[in-house]
Amino acid sequence: MGRLKETTMNWEEILAVLQKPQRGYPVAIVRAVLDNPEHYERLLAEFERISEQPEEMARSIFHVYAMHLLAEKREPRAFRPLMSIAALPEEQLDDAVGDHLTESFNRCVAAVCDDEQLIRDFIENRDHAEWARKMLIGSLVQRVMAGDSSGPALLEWLLALGEKTGRWLQEQPETAYIDGEILLMTGLAGAIAAIGSAEHLPTLQRWWDAELLDPQVAKIEGYAERLQRPLAERIERLQSRTGIYIPDAIREMESWYCFSDRFHAPQEKARIISSNPPPPVTVIREQAKVGRNDPCPCGSGKKYKKCCGT
């Protein structure tokens, strides 16, 4: 598809392209959407609509394009659709977002957030999917590191929620399911290690000693090492590892596997085979066909029709 055709497509044609992975990231189409106010508004409207349709999101990647493009623009109107997606039941959330939940969803939410209290209320609600709650802790950390939110205020909330959740965990019977809250505690500890200071280490040590943190995610030595680094260094490391917010959606997405030749080659081969099936093969029997009333060749002594021929 040539560049001229891409940039002169109407919205329906653009939408069709953005619903499925293309062989090669459609850079010109994406730029046309970002640069054309009419296309941009339609992108937002379609994102608002599809965010309430989990079955449709499971079959499309339009919402993945949209959330990254709207995050680049710091579009606050995308915040509530993103929170609607985060509130999906765990299985539907996984079908809709997949690996993006842990890789970029929190940065998209952080970039467009216009109500941090809504995020905090979401995290405190045990009815929501545990991975979504942990992921949104990262959104709040992103906003502090970007300079858009207060670090001390977030730390106060993180510590208070950790103490509250820790007490709840210690009150539960041994048979209770607590993995979700352990995951939350581990997310809180990671956030404190990201924006806190050495004075917070005793609290994390106490949580660790009480077995309230997941040792498979991080060790107490790791939390301690991070807390001892200057905050500026921690921000710089985050910038180099995953970035803060979505400064460039095209650069973020264009190297994804779903746009690569390796992803599309097997699918194209399957399409070619299905459209050009091989000719039927004539089977030549080396032995005479067994009659239904003949003795069964398996040696059972029964007639074929009452044994292997049934």
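Modeller: In helix H10, the residues Phe 105, Asn 106, Arg 107, Cys 108, Val 109, Ala 110, Ala 111 and Val 112 are buried, where buried means under 20% relative accessible area with a 1.4 Å probe and protein chains only. H10 covers residues 105-112, and eight of its eight residues are buried, which makes this helix mostly covered; helices here are DSSP runs of H or I with at least four residues, numbered from the N terminus. This is a predicted model, in which local features need pLDDT of at least 70 and side-chain atom pairs count only at pLDDT 80 or more, while totals for chains, interfaces and linings use all residues. Residues are numbered from 1 along each chain as its sequence is written, and side-chain values use heavy atoms, with hydrogens and water left out.

Leaving aside neighbours within four places in sequence, Phe 105 is in contact with Met 67, Leu 82, Ile 85, Ala 86, Val 97, His 100 and Met 135, contact meaning heavy atoms within 4.5 Å. Phe 105 is also named, with Phe 47 and Leu 158, among the residues with the most contacts inside the largest nonpolar core, which has 88 residues. Such a core is a set of buried Ala, Val, Leu, Ile, Met, Phe, Trp, Tyr and Cys residues joined through side-chain atoms within 4.5 Å. Helix H14 (residues 179-195) gives the largest share of this core, 10 residues. Because domain 1 (10-149 + 245-265) and domain 2 (150-242) both give residues to this core, the core lies between them; the domain bounds come from an automatic or database domain assignment.

How values were computed. Buried < 20%, exposed > 50% of the residue type's maximum accessible area, 1.4 Å probe, protein only. Helix = DSSP H or I, 4+ residues; strand = E, 2+ residues; numbered from the N terminus.
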